[in-house]
Amino acid sequence: MLQKGQLIRSERPGAWAEVLRGRSGRIAAPEDPLSQLPTPQHPKIRLYNAEQVLSWEPVALSNSTRPVVYRVQFKYTDSEWFMTDVMSIGVNCTQITATECDFTAASPSAGFPMDFNVTLRLRAELGAFHSAWVTMPWFQHYRNVTVGPPENIEVTPGEGSLIIRFSSPFDIADTSTAFFWYYVHYWEKGGIQQVKGPFRSNSISLDNLKPFRVYCLQVQAQLLWNKSNILRLGHLSNTSCYETMADASTELQQVILISVGTFSLLSVVAGACFFLVLKYRGLIKYWFHTPPSIPLQIEEYLKDPTQPILEALDKDSSPKDDVWDSVSIISFPEKEQEDVLQTL
């Protein structure tokens, strides 16, 4: 027979309970409910960019068919504990079956203020029973965040330059208390890496680069929290490579080189043609000389020998084609001849 205050376990299949049974046989409420369920193990807080996520390992109960639920509470410095519900923080993490609580699930701007000191605690619950609270170390988002690389990186090759545009890893509501600096790591492909920065602007121009060369680069952000003078260096972006364009001086050099090259080529071609003409002028004259042709009448006669070729030739001859000069011989008497000579 059970004695008062004895701890028992229900033997019904699929049921799990630990109760204190009195001498009268009635089930009494547990005097120490904190010892009834195991605590969630290995809780951890993920602070990446604007994300604020608490996760843990599930509590496993072999003899229970009902799911274990979890409750998360939070507090700020010297404040009381608050429930994590939609009214207080924008998300519900009270009696949830998931083993994660994403405080920024509603929007990236939701969650705890980034400059507040925040403490979280967690416990498991099953019906009237619950585990002990597991309290995590306090954190401040700006102090403990892992900063990712800049996002939406766009690179435009220019004349001996690369123009880089990007967005910040996450939005900062008040830039007077915290802001980002940016650095660009770049190198000519196969060359030595260089670093340019810091910059406050989201648009950076790498100037004085060699034209028509391939440059690779990575962009990095650094968070500066003025209040506590804390710096959080972020991750580098993926490596990307681009070829620069020609600058004005290079384009002028190209125009001059192309002009000189074209003139030289034309001069060489013209000289070669002149030399070939002189060397093979007889052959060229032979190629371009019109070959002699047979008169039409003879060609027709050869086709048909019965035609009177001579008559045809005489017929085609026209008196207008015959051109001659008329010469008249005039004889003078000897006396008249002398008179003419004297007059001359």
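This is a predicted model: local features need pLDDT of at least 70, side-chain atom pairs count only at pLDDT 80 or more; totals for chains, interfaces and linings use all residues.

Q: Where does L37 sit?
A: L37 belongs to the loop between β3 (27–28) and β4 (41–48). Strands such as these are DSSP runs of E with at least two residues, helices are runs of H or I with at least four residues, and both are numbered from the N terminus.

Q: Is L37 buried or exposed?
A: L37 counts as buried because its relative accessibility is 5%. Buried means under 20% relative accessible area, exposed means over 50%, and partly exposed lies in between (1.4 Å probe, protein chains only).

Q: And how far is L37 from A60?
A: Their C-alpha atoms are separated by 9.8 Å, while L37 and A60 are 23 residues apart along the chain.

Q: What about V69, where is that?
A: V69 is in strand β6 (residues 69–76). V69 is buried because its relative accessible area is 17%.

Q: Which residue does E125 pair with?
A: The side chain of E125 forms a salt bridge with that of R71, at 2.5 Å from N to O. This pair links distant parts of the chain, since E125 is in strand β10 (residues 118–126) and R71 in strand β6, 54 residues apart. Both E125 and R71 are buried.

Q: And what does E188 pair with?
A: E188 meets K210 in a salt bridge of 3.8 Å, N to O. Here E188 lies in strand β15 (residues 178–188) and K210 in the loop between β17 and β18, 22 residues away. E188 is partly exposed because its relative accessibility is 23%, and K210 is partly exposed at 42%.

Q: How does R213 come in?
A: R213 also forms a salt bridge with E188, at 2.9 Å from N to O. R213 lies in the loop between β17 and β18 and E188 in strand β15, so this pair ties together parts that are 25 residues apart in sequence. R213 is partly exposed, with a relative accessible area of 34%.

Q: Which residues are joined into one network?
A: Salt bridges that share partners join R71, R123 and E125 into one network.

Q: Now the backbone: which peptide bond is cis?
A: The bond from G197 to P198 is cis, with omega near 5°. P198 is part of strand β16 (residues 194–199).

Q: What is the phi of Q95?
A: Q95 is not a glycine, yet its phi is positive, about 55°. Q95 belongs to strand β8 (residues 94–96).

Q: And N208, what is its phi?
A: N208 has a positive phi of about 60° and is not a glycine either. N208 is located in the loop between β17 (203–206) and β18 (214–225). N208 is exposed because its relative accessible area is 78%.

Technical notes:
Residues are numbered from 1 along each chain as its sequence is written. Side-chain values use heavy atoms; hydrogens and water are left out. A salt bridge is a side-chain nitrogen of Lys or Arg within 4 Å of a carboxyl oxygen of Asp or Glu.
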